Amino acid sequence: MVLSFVLIQNRQGKTRLAKWYAPYNDEEKIKLKGEVHRLIAPRDQKYQSNFVEFRQNKIVYRRYAGLFFCVCVDANDNELAYLEAIHFFVEVLDSFFGNVCELDLVFNFYKVRWRCRTEMGRLAWEEEEKGLSDYHPALSPFSSCALHPEPSTPKSHISRITNNPTQVYAILDEVFLAGEIEETSKQVVLTRLEHLDKLE
Amino acid sequence: MATSAATSFLSRGSSGNNSNMRGLVQFIADLRNARARELEEKRINKELANIRYTRKAHFLMGLQGCLLTVIADGSLSGYHKKKYVCKLLYIYILGWNVDFGHLEAVNLISANKYSEKQIGYLAMTLFLHESHELLHLVVNSIRKDLTDHNELFNCLALHAIANVGSREMGEALSGEVHRLLISPTSKPFVKKKAALTLLRLYRKHPDIVQPQWAERIIALMDDVDMGVALSVTSLVMALAQDNPEQYKGSYVKAASRMKRILVDGEFAPDYLYYKVPCPWIQVKMLRLLQYFPPSEDTHVRDLIRESLQKILNLALEMPKNVQQNNAQNAVLFEAINLIIHLDTEQALMSQISTRLGKFIQSRETNVRYLGLEAMTHLAARAETLDPIKQHQSIIIGSLKDRDISVRRKGLDLLYSMCDSTNAQPIVGELLHYLQNADFAIREEMVLKIAILTEKYATDIQWYVDISLRLIAMAGDHVSDEVWHRVIQIVTNNEQLQVYAAQNILQYVKADHCHETLVKIGGYLLGEFGHLIAEDKGCSPIEQFLALQGKLQGCSSSTRAIILSSFIKFVNLFPEIKPRLMYVFQAYSHTLDSELQQRACEYLALASLPTDDLLRTVCDEMPPFPERQSALLSRLHQKHANTSDKRTWIVGGKDANANEKDMVKNPGLNRTLSTNGNGVPNGATNGTNGHAKVANDLAGLDMMDAGPSEPKTLKQPNLASTAHLSPGWEIGYNKLLLKGEGILYEDGQIQVGVRSEYRGQMACVILYFSNKAPVAVSSFTTTLDLDASEKGNLTWEVKGLPESTISQGSQSQQMIMFTAQNVFDKSPTIRISYLAGALQALTLKLPVTIHKFMDAAELTAEDFFKRWNQIGGAPREEQRVFGIKGSNREFNDSFIRKTVQGFRWGVLDGVDKNQKNFVGASVLHIGGGRKFGCLLRLEPNYAKQMIRLTIRATDESVPATMINLMEQRLAVGQSTQPEVFQPPTMREMSNVFGNVLVT
């Protein structure tokens, strides 16, 4: 049971986060990103499963509005366990970067469409009107806010996050390590992250 | 955007020394603002230039002689270094190449501030790969952080190794990582990270995990912290796959923890994930149990059965919440896999086969997918395919599912559930579906159809028809192995040759014919064309024209085959020789050197004055050697590359069985059915064997040498007699003659025994009392018996001791032994527990053959009658021996006590010599057998010698019994009162062991 990589990509195929657990060289990494995008993006959410064979492994993925969270696992790994591991990770990100939206709304995302943007450390959920699926990021009230972060107000979570573009990687290391699931209690992870966050 | 770009890195750095790293924020905002890649690039280049400029400026100013270490120098604060590395990281993360600044990043690792160190480590894990030369420089910094008292630094260092740890790093640091894992002072965070780091290092280089670590690592599976237990279970899973014998203790651990979580509800509420208690650890434990053969211990089986039933019951309710549903199903499907693996739980098995029937019709695509997958597993193991066959139409329907993942699983299942009764409809459906199938799975489909056709062919025509139709339909997706195999089978089966030749000729004659068919045609007509030359439409000239017509449109390798069949025609059909010669002449001018060479040679061969040489050359091809089909290896090769042990492979039961108990398939004949027999070794053994496919026509055995070398390193069996703990004899010797008492005692633990023997059965209860001032955890017992005694003495464990024994309390374990035969060696028990460090001892249990005897009363007359009936050797054994050691002696009361302790009825007044002892007993062993045993012991107190004679109605008894008694008697009784001896060093350390950290 081992992850080969974790990829977070948007619908256009831009990779927002890549974490490699197997030793790939730079060329392979670029190739893998492209292949995964081409494999996952066209898949139908309603009628197709969250699993797809990929080379000799398989990809378990979950789409959160505009973002695909993909993990590459062994061909005989337990698919659903990884599917929920993805969700667990997303919940941790969401709680940590918090207050962008209410948790219960996130969990009811089948009722309300949610748009999620992760740009190195900033992960935010935002509501989207139904039918706005081809919605341009520049039109989003959120993205305009993100484009003008207010570094002078340290209380703003956005600035806190953008100041640490590497934070998502640190969070990832608290949830997955060496390609294995490390911790599955949200409380434990969050308490730890809060603690680390306060350190100088 | 422009404003910030214009400001240099240094100036911004020095002006804004606030903790927000304003320059960085601005930089990131600018990049986000860049709508196009070109704009982003422009901005980054500007920033890179700034950074480079900064470095250069420092260099020119002579602040530092070495360009690379410019940032490391004192003029820049840690804050600036951090910001600088952060920018580089961000640029790197966006996918741009950052080829400098690595050393600066690495230097941050040795910072004292957590935030700086953290960035340094992060940069290191992102910039450097595991064979990067800079890693040599950081080994010492990492070691320093591993040994630091700050657990946060420990964790950072562990992250670094877990991300980029190489073999070299493993060799240098695995000892430290292991120490952090097992140290009683390590915090849960450190432990779980250390476990996974060790796993990473183990995967890089298995030798770094030493065999003697096993027991301690297994004990950590009981850690109260679920995160630690989860991580350690992952580690154990990898280790147990490679060394099942060494890690077999993990089986009971997983079984009992599963039960504690599921049935007893023993878990921290934090670990409830949408009402499912830590689904991930459940999945891992269920998987771990599949790596071992099913336990023979009824108690452990009960534990597992209870957990599995609970999982099945929980799954009856279908939660609406997506997460809960997924988590529950993750556990359920793993449980189903375990039930199939156990293969003995009939009640559970019947429950799951009805459920699987529902799953494959589910509206949820994920569930259909998993249902089909589980059913394929079932088909690989089940005794009968009937429960699966009743869903055949639904499964065939899944080939039309909207999701290719489901279609693939459907294909796997159809392939696995195929047998001689349903092969024709299934193959028919597959062929039908092949026409519209995705390109991605066509090649696999073709392989599977070819294998099934061959395996279940019951008549000649069907095999030939399907194979040729398959190639005609899916030509481009037919791998070479497929058409090679067709030729091999036709060549080896005489009854196929005429039919195959007729059919292939029809295909070749058609206007459109796939090149693969032309290849087969070329080969088959060249070999067997003469068999059909008399038939209508198959005359030599028609055969020739058919092949010649295809010559132009074919590749060079196909042309070569056709040229070869033409030279065979020269031999077979002299009447068309001129036309054949014409072709050779034409090709002797071709520029393809291979073809030209052939044409010239064939021309020369055909032009010889006599055809002796021609006949020799064109003699019938020899039959192909009987070998494993290349098709199977080709198929399994596709699934070979997984780091995990596959507990089963796609294919029917025979594909999963060992070669030994292989059932021969009823096929067309032996040759046709051979490919059903056996499976690539690599796959069945689960050792990731890589089947290698060679591509020559004759080399149809495509198998590699087989599974990778099993680890030959012999693992120590710590529960065996070879590892008995010092001091084991005292209690053991006492208990040889008594039913209950203390077996072992030290400063931390006391082991008491109570036993009762009835006939061939013995009930032994072990009592474990914790004398240590703290609770001991992960209390584990393992029984062992010398392999030579297996079957002579069997046992059933009726329960396990509590995993945690609090201070001053006691736990017990009941074991039922059955003497199936006379046995010689006693069972041993390994007891281990965590009291700070791991404590372990191995003791011999006082279960010996004489315990199964009952004293008997006999009159003098009866005794001597039977004594004489039994007679001498081999049913008699006699020994003469003296006292061992000084200050000890034989005396009457000692001997009487000992003989009675060995459960003999001492018959007084039977022997004329009053000093002699005579005894009788009945020994009970398995199957209700009883052996009469008689004893005569003649002491010589003057010389302190004993002559002991034992006779029994079965020859297996006397030798064993006399050994036991001699050992015990020879010790004699002390002639001196007990003297007080000060405690030895070992006793001291035992007493204080629980407070000392070792």
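Which residues of H23(B) are buried? In this predicted model, local features need pLDDT of at least 70 and side-chain atom pairs count only at pLDDT 80 or more, whereas totals for chains, interfaces and linings use all residues. Residues are numbered from 1 along each chain as its sequence is written, chains are lettered from A and ligands numbered from 1 in the order in which they are written, and side-chain values use heavy atoms, with hydrogens and water left out.

The buried residues of H23(B) are B:Ala423, B:Ile426, B:Val427, B:Leu430, B:Leu431, B:Tyr433 and B:Leu434 (buried: under 20% relative accessible area; exposed: over 50%; partly exposed: in between; 1.4 Å probe, protein chains only). They lie on the same side of H23(B), because they cover an arc of only 165 degrees around the axis, the arc being that of the directions from the helix axis to the C-beta atoms. An α-helix has 3.6 residues a turn, so residues three or four places apart point the same way. The cover over the buried residues of H23(B) includes helices H21 (392-397), H22 (404-417), H24 (439-455) and H25 (460-474) of chain B. Helices (H or I, at least four residues) and strands (E, at least two) are DSSP runs, numbered from the N terminus. Helix H23 (residues 423-434) of chain B has twelve residues and reaches 16 Å from its first C-alpha to its last, close to the 16 Å expected at 1.5 Å a residue; the expected span is 1.5 Å times one less than the number of residues.

Helix H18 (residues 346-359) of chain B has 14 residues, which should span 20 Å at 1.5 Å a residue, and its end C-alpha atoms are 20 Å apart, in agreement. Among the buried residues of H18(B) are B:Leu348, B:Met349, B:Ile352 and B:Phe359. Their cover includes helices H16 (298-314), H17 (322-342), H19 (365-381) and H20 (386-389) of chain B.

In chain A, five strands form an open antiparallel sheet in the order S2-S1-S5-S4-S3 (two strands pair if DSSP finds at least two bridges between them). S2 and strand S3 (51-54) of chain A are the edge strands, each pairing on one side only. Neighbouring strands are turned by 20 degrees against each other on average, direction ignored. Helix H2 (residues 79-97) of chain A packs on the sheet, touching S1, S3, S4 and S5 of chain A, and its direction makes about 40 degrees with that of S4(A). Contact means heavy atoms within 4.5 Å; axes are lines fitted to C-alpha atoms, for helices over the stretch in contact, and angles run from 0 to 180 degrees between N-to-C directions.

Strand S1 (residues 3-10) of chain A has eight of its eight residues buried. The bridge partner of A:Ile8 is A:Phe69 in S5(A) and A:Leu17 in S2(A). In the hairpin of S1(A) and S2(A), with four residues between the strands, A:Gly13 takes a positive phi near 95 degrees. Strand S4 (residues 57-64) of chain A pairs with S5(A) over seven antiparallel bridges, and A:Val60 has A:Val71 as its bridge partner in S5(A).

The structure holds zero disulfides over all chains (a disulfide is a pair of cysteine sulfur atoms within 2.5 Å). For B:Cys538, the nearest cysteine sulfur is that of B:Cys513, 15 Å away.
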